Structures are given as structure tokens and as C-alpha cells.
Amino acid sequence: MCGRFAMDKDTDDLIREFVASGGDFRDWRPSYNIAPTDLVPVVREWEHDHTVTREVDGATWGLAPAWAAGAQAAPAGSKTNARRPAPINARLETVATNGMFRAAFTSWRCIVPMTGYYEWEDLPDGKQPHFIHGDGVLAAAGLYAGRQEHDGTWSHSMAVITREARDASGDIHDRMPAFLTRDAWDEWLRPGKVADPGALLDLLDRSSLTVAGNIRSHPVSRRVNNARVPDEEKRDPELIDPLL
């Protein structure tokens, strides 16, 4: 699964990386310990009057479709789920058919930029986090949902698509995010209903396998284990440094 990740780029960096406009998400600051319910940057496309716009927007981690009233992601470290949980991950194997995700997969896909993500190894003295990363920004395949608030504004939520681990996390955990190669970004983000879900699933499968071959892992500080800390602590880049 993917239950914690890092994103060390600011909004302007992401706009340049993904050739996007700014959207309304200019308050983002890099974080090295992103947890469920956090607001994070996502890249999405939408169409109006035959014009397609690619934006970097903010979305809460935990997919909460408008029809799932009251859905809320469980905070990191929580022992209980909300009454209507907002899932943080969607399985590649069932994302096109599962009722929770089917509509979003068909029409509302996004990219979740990551510097890398964390998985934990069970050791006799406790859980040891490992940081799993590539050579630059990783583009995780995501789903998003929009919800109109009482004041008329729109908010977004998202989930990360995962698959069987084929990267450096395989010895630590059996799932990994499904990542996109750069040449798959346009097809994944293209707005409008998908005509052939099977072809899109095949694209994601092939793309994620390619990215997995270039991913590495190293153990990091156990300070990562606690996500309920002030934002200033989450912004410490030493959280992803290899242990000496």
C-alpha cells in the first residue's frame, strides 16, 4: 500500500515539471511526511468550451466522492476508521470495476507527484521505515473527486492507485504505487470518459513496471513513524536521509 509519502517540490516547480498552470493552490510547502487527510498537490486536466486546462491543485488524501456523504480518511496512526471511510488507495486489479472507484477511474484521473514513499520493516526493536525513491519526481497514478462546499467553493480529494510490488519495496511490503512514465501522462490525464478501460489499465501496468525498475530504497530515521507532529517537523529534509 502507500500510507505515507514525501513531496519536496513547491508549486512553481511542479508547474514547470508537468507543464501545468497554477490552479488555486499556491500555499503548498514541501513536506517529507505526508499522511492521510493531509492536503497535497495533484495534477489534473479539465475541459471547458473545448479548451483543456492542466492544473496543479490541492486535494485531501482520502477519496470522498460527492455521493459518499460524510466520507473521511482515517488520520495516520488512527486505530479506528470513519463511519464512511475515504480510501487512500485503490487497487489496480479492481479499480475499473470497484463501485467506489469505477466512476473516478472512468472520468476523473490525476497524477500525485512524489519524491518518494515509505514502507515499514518489522524488526525486534520496532518498525523501521524505508524511503523508496527514484532519481526525480515520481508521478503516481491517482483518482480524484470534487465536492461543492456550502459556500459554493469546490474541494477535491484523491486516492493513490497501488499494484503488486515490483520495485525496491518488494522485500518490505507487497504493494507499491502505480507510477506513470512521462510518455503516459497525457493519456492518463486526458479528460472525458474512457472508451476502453482495458487499454488504460494495460498502459498503467506497463508504465508502472518500467518505473519500478529504477526505484531504490534506504532506511531512514524513525521520526517518520509519527505523522502527528507540527508541519515544521514534517518539512525537515533530514527525514529522507539514509541512516548512517
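Predicted model: local features only at pLDDT ≥ 70, side-chain atom pairs only at ≥ 80, totals over all residues.

Analyst: Residues are numbered from 1 along each chain as its sequence is written, and side-chain values use heavy atoms, with hydrogens and water left out.

User: How many disulfides does the structure hold?

Analyst: A disulfide here is a pair of cysteine sulfur atoms within 2.5 Å. The sulfur of C2 has its closest cysteine sulfur in C110, and at 12 Å that's too far for a bond. So the sulfur of C110, 12 Å from the one in C2, is too far for a bond as well. The disulfide count is zero.

User: Which side chain does D57 join in a polar contact of 2.7 Å?

Analyst: D57 sits in strand 4 (residues 51-61), strands being DSSP runs of E, at least two residues, numbered from the N terminus. The 2.7 Å contact joins the side chain of D57 to that of R44.

User: Is the F5 and W61 ring pair edge-to-face or stacked?

Analyst: Rings of Phe, Tyr and Trp (its six-membered ring) pair if their centres lie within 6.5 Å; planes under 30 degrees apart are stacked, over 60 edge-to-face, the rest tilted. By this rule there are six aromatic pairs. For F5 and W61 the centres are 5.0 Å apart and the planes at 65°, so the pair is edge-to-face.

Technical notes: Helix = DSSP H or I, 4+ residues; strand = E, 2+ residues; numbered from the N terminus. Polar contact = N/O pair within 3.5 Å; in protein donor to acceptor, adjacent residues only side chain to side chain.
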